[in-house]
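Work through the exercises below with the sequence and the structure at hand. Each task is followed by a solution in steps.

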Amino acid sequence: MNSNIEHNCDVLVIGSGAAGLSLALCLASKAKVIVLSKSGLSAGSTNYAQGGIAGVFNTADDNDSVEEHIEDTKIAGGGLCDPDAVEFTLRNAHDSIEWLIQQGVPFDQKEEAVSEDQSPYHLHREGGHSHRRIFHAADHTGHTIQETLNTRVLENPNITLLDHHNAIDLITTRKLDLAGNRVVGAYVFNTETNKVETVKAKFVALCTGGASKVYQYTCNPEVSSGDGIAIAWRAGCRVANMEFNQFHPTTLYNQKDRNFLLTEALRGEGALLKRPNGTRFMPDYDERGELAPRDIVARAIDHEMKKLGVECMYLDISHKTPDFIRKHFPTIYERCLKSGIDIIKEPIPIVPAAHFTCGGVMVDCRGRTDIECLYAVGEVSYTGLHGANRLASNSLLECVVYGQAAAKDILGRLPLAIDPPAIPAWDESQVTDADEEVIIQHNWHELRLTMWDYVGIVRTDKRLERAMHRIKLLKDEVNEFYSNFRVSSNLLELRNLLQVAELIVRCAMKRKDSVGLHYNVDHPNKPAVYKPTILSPFENPQQ
């Protein structure tokens, strides 16, 4: 038995994006908080979000209303949004955006003078939105929010940051053979010392983001490996709607820069999708053209590529003035220029790529999961807001709204919270160093390619069956590897990705219709009854 370092806190927040840092900051006035970051503080998806955060801040702007935002969200969600979650999130948008402004987030403002009844902020419009309601900081909104929240966290004495710490598994009373199933902490892997440490906590919040790394092509960062979803499932939480994986329609197609997302705001500001011959194709698929929701646009691009036998389509904003492009999309302009593409003069080659996990760990409007004292906030969770397809820029809003709601709930429970029991140290006495790390890399690539080929934008029953067969074989290999060798970051991520892949395929096999982001050629009809796909770790996995 190895002795290990033990940390203690009131609340352990696993993840350091918008969800985790919003939660931590709202807790820190009355609670001792530890924020766990798998890599650096800014490694998560928030830092890479270009578009912005959606919300009706002032109804005088563009004659917009919360009711219209609600309707747009439900339409994009394909009838599968939870009405209460939509109502709760969008009616709290104003206060959440105001909170970000108070933290110091410098959203872009209008150049012209405005009247007293108008908001001073310049708003974008994105696909699926009927009005301009996207607060942004040029085309690097996520980075700006991340940096602002980083500053607030680092200056707060009640928040301790443990970066380069990878969560392995939750510790619950059930696992300790005690009464109930209450979370009491987590085992975490320090990637700098290669040692396992223990964190004891009265409450734990999973804010780990999504699982897009399960696919071969993704515009998400390396850390998006579904850790929180897999960890929660192993601890006993239900998951829902894992079949709905959003593929961002427009990711830069370039061998030098394969993971660069091109924000929805480009199309919101007039960029057009074109075939290699320069003709538009979106009007052939949807009357909203380039402003159709992402699932429709991604399928249209995928269909055109397969029909023409080409590797990419094109996104063209060159008809706008050079000054307009440089002002509104400076990051995209510079990034493309480095890849040899001048978006002022020529169209941008694009392909769809895995981008957002619409399903996740089931929570209520306070962020509570099935396990006592365990919360999930942000992309890791299933709130019901996104339904079968996320409306652009609703995700950052969800992070802040539910981060604040979870913080309020935790602070209300904190005075009566029970101290965690004694927790045994991590036992490495029966394992050795891995003999062949190449096995992990091989299985990693096979999984991601399998998911891309068989569980991508368009699916069939046969493809799903083949994917499940391969996933189960890979899962058996990795579980054996995990049982016999010391943990590593790659092993932990692969173990989690395989679990998430299995959940995605199980949900996809369970849904016998096509809606939103899930399109099965063998079941093309819309659902007769619109309801989420729910899986429980205590149910028979056989379909």
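Two residues are in contact when heavy atoms of theirs lie within 4.5 Å. The structure is a predicted model.

**Exercise 1.** Find which residues of helix 1 meet which residues of helix 11, and describe how the two helices cross.

Solution.
- Step 1. Helix 1 covers residues 18-27 and helix 11 covers residues 394-413.
- Step 2. Their axes come within 8 Å and cross at roughly 35°. The crossing of helix 1 with helix 11 is right-handed.
- Step 3. From helix 1, the residues that meet helix 11 are Ala-18, Ala-19, Ser-22, Leu-23, Cys-26 and Leu-27. Their partners in helix 11 are Leu-396, Cys-399, Val-400, Gly-403, Gln-404, Ala-406, Ala-407, Ile-410 and Leu-411.
- Step 4. Sorted by type, the residues of this contact are 12 nonpolar, three polar and no charged.

**Exercise 2.** Decide whether helix 6 and helix 14 are roughly parallel or roughly perpendicular to each other, and sort the residues of their contact by type.

Solution.
- Step 1. The axes of helix 6 (residues 227-235) and helix 14 (residues 489-510) are 8 Å apart, and the packing angle is about 80°.
- Step 2. Angles of 65 to 115 degrees count as roughly perpendicular, so helix 6 and helix 14 are roughly perpendicular to each other.
- Step 3. Helix 6 contributes Asp-227, Ile-229, Ala-230, Trp-233 and Arg-234 to the contact. Helix 14 contributes Glu-493, Arg-495, Asn-496, Gln-499, Val-500, Leu-503 and Arg-506.
- Step 4. The residues of this contact are five nonpolar, two polar and five charged.

**Exercise 3.** Describe how helix 2 and helix 3 cross, and list the residues that make their contact.

Solution.
- Step 1. Helix 2 (residues 66-76) and helix 3 (residues 83-91) have axes that come within 10 Å and cross at roughly 135°.
- Step 2. The two helices, helix 2 and helix 3, are therefore oblique to each other. Their crossing is right-handed.
- Step 3. On the side of helix 2, the contact is made by Val-66, Glu-67, His-69, Ile-70, Thr-73 and Lys-74. On the side of helix 3, Pro-83, Val-86, Glu-87, Leu-90 and Arg-91 take part.
- Step 4. By type, the contact of helix 2 with helix 3 holds five nonpolar, two polar and four charged residues.

**Exercise 4.** How many disulfides does the structure hold? Check Cys-26 and Cys-365.

Solution.
- Step 1. A disulfide needs two cysteine sulfur atoms within 2.5 Å.
- Step 2. For Cys-26, the closest cysteine sulfur is in Cys-207, 11 Å away, which is too far for a bond.
- Step 3. For Cys-365, the closest cysteine sulfur is in Cys-26, 16 Å away, again too far for a bond. Cys-365 is partly exposed, with a relative accessible area of 42%.
- Step 4. The count of disulfides in the structure is zero.

**Exercise 5.** Is Ala-232 buried or exposed, and which residues does Ala-232 touch?

Solution.
- Step 1. Ala-232 belongs to helix 6.
- Step 2. With a relative accessible area of 0%, Ala-232 is buried.
- Step 3. Not counting residues up to four places away in sequence, Ala-232 touches Leu-206, Cys-237 and Val-361.
- Step 4. The C-alpha atoms of Ala-232 and Gly-360 are 9.5 Å apart in space, while the two residues are 128 residues apart in sequence.

Notes:
Residues are numbered from 1 along each chain as its sequence is written. This is a predicted model: local features need pLDDT of at least 70, side-chain atom pairs count only at pLDDT 80 or more; totals for chains, interfaces and linings use all residues. Side-chain values use heavy atoms; hydrogens and water are left out. Axes are lines fitted to C-alpha atoms, for helices over the stretch in contact, and angles run from 0 to 180 degrees between N-to-C directions. Helices (H or I, at least four residues) and strands (E, at least two) are DSSP runs, numbered from the N terminus. Angles under 35 degrees count as roughly parallel, over 145 as roughly antiparallel, 65 to 115 as roughly perpendicular and the rest as oblique. Ala, Val, Leu, Ile, Met, Phe, Trp, Tyr, Cys and Pro count as nonpolar, Asp, Glu, Lys and Arg as charged, and the others, Gly among them, as polar. A crossing is left-handed if the near helix is turned anticlockwise from the far one by less than a right angle, and right-handed if clockwise. Buried means under 20% relative accessible area, exposed over 50%, partly exposed in between (1.4 Å probe, protein chains only).
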